[in-house]
Amino acid sequence: MSQKIDLLKPVLTGQPVIPVLLIEKVEHAVPLARALAKGGLPAIEITLRTAAALQAIKAVADEVPEAIVGAGTILDAKNYQDAVAAGSRFIVSPGVTRNILDAANDSAVPLLPAAITPGEMLSLRDEGYRYLKFFPAEQSGGAAFLKAMSSPLADLSFCPTGGISLANANNYLSLPNVICVGGSWVAPQNLVEAGDWDAITKLASDACKLKA
């Protein structure tokens with residue numbers, strides 16, 4: 001059992017922020033992914049929280065070669081398999097179960113599972129995982145909690161997500177055990193609905209200037 005770190009690490013180290021996207025309309029997916037990639041954020045996480053999510057992942061995978069599309073809010077093995085079939089190149093879950101770990105072991109596509117307690121972190125470490133999502137970050141102790149984990153769990157790295165913005169992202173990115181952060185602020189719903197892709201490219205470009 002392993003995390004397929006050779007596939008996952010380049011995604012997480014390639015940019016300081018992974019955009020976490022809630023896509024309501026399939027037609028927004030391709031221009032949104034292009035806008036974010038143009039601003040320097042090619043890796044994106046499309047969450048399976050909308051009816052359009054799987055079609056959106058497929059559209060980006062098929063039409064935006066410069067993007068690295070992943071799927072988030074993976075809750076079970078079927079979600080995992082459906083997301084991979086749609087073209088996801090990495091999978092993100094808000095927690096972990098045996099079924100999700102088994103799906104990850106059976107798939108060529110790597111998993112970034114979430115953990116918020118030392119026990120969950122150690123359990124995933126036992127499974128060969130070294131890169132974890134910390135979610136919901138702000139509600140679970142924030143940067144101070146992750147800083148406290150950096151010494152006893154020194155070989156684990158985190159992508160904190162949840163409540164992170166341009167204003168507090170560097171609190172996390174300055175920590176030795178944070179590899180990147182996940183955030184939705186780079187693609188606010190009002191700009192997506194308005195089709196203001198240039199504004200989203202600017203937000204992506206600003207996010208790229210954060211300390212990675």
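Start by selecting β1 (17-21), β2 (43-47), β8 (181-183) and α9 (189-194): each supplies at least two residues of the lining of the largest pocket. This is a predicted model, where local features need pLDDT of at least 70 and side-chain atom pairs count only at pLDDT 80 or more, while totals for chains, interfaces and linings use all residues. Residues are numbered from 1 along each chain as its sequence is written, and side-chain values use heavy atoms, with hydrogens and water left out.

Helices (H or I, at least four residues) and strands (E, at least two) are DSSP runs, numbered from the N terminus.

Next, zoom in on V20, L21, R49, G183 and S184, which are the closest to the pocket's centre among its 21 lining residues. The lining splits into 10 nonpolar, eight polar and three charged residues.

Now pick N79, in helix α4 (residues 77-86). Is N79 buried or exposed? N79 is buried, at 18% relative accessibility (buried means under 20% relative accessible area, exposed over 50%, partly exposed in between, with a 1.4 Å probe and protein chains only). Show the N79 side chain and you'll see it reach the backbone nitrogen of L75 at 2.9 Å.

Last stop: the cysteines. There are zero disulfides here (a disulfide is a pair of cysteine sulfur atoms within 2.5 Å). Select C159, which is buried at 4% relative accessibility; its sulfur is 3.6 Å from the closest cysteine sulfur, in C180, so too far for a bond. C208 is in no disulfide either, with the nearest cysteine sulfur, that of C180, 12 Å away.

How values were computed. On a 1 Å grid over the protein atoms alone, a cavity is a set of points where a 1.4 Å probe fits but cannot get out, and a pocket is an open set with protein on both sides within 12 Å along at least five of seven lines; lining residues have an atom within 4 Å of a point. Ala, Val, Leu, Ile, Met, Phe, Trp, Tyr, Cys and Pro count as nonpolar, Asp, Glu, Lys and Arg as charged, and the others, Gly among them, as polar. A polar contact is a pair of N or O atoms within 3.5 Å; within protein, one must be able to donate a hydrogen and the other to accept it, and residues adjacent in sequence count only if both atoms are side-chain atoms.
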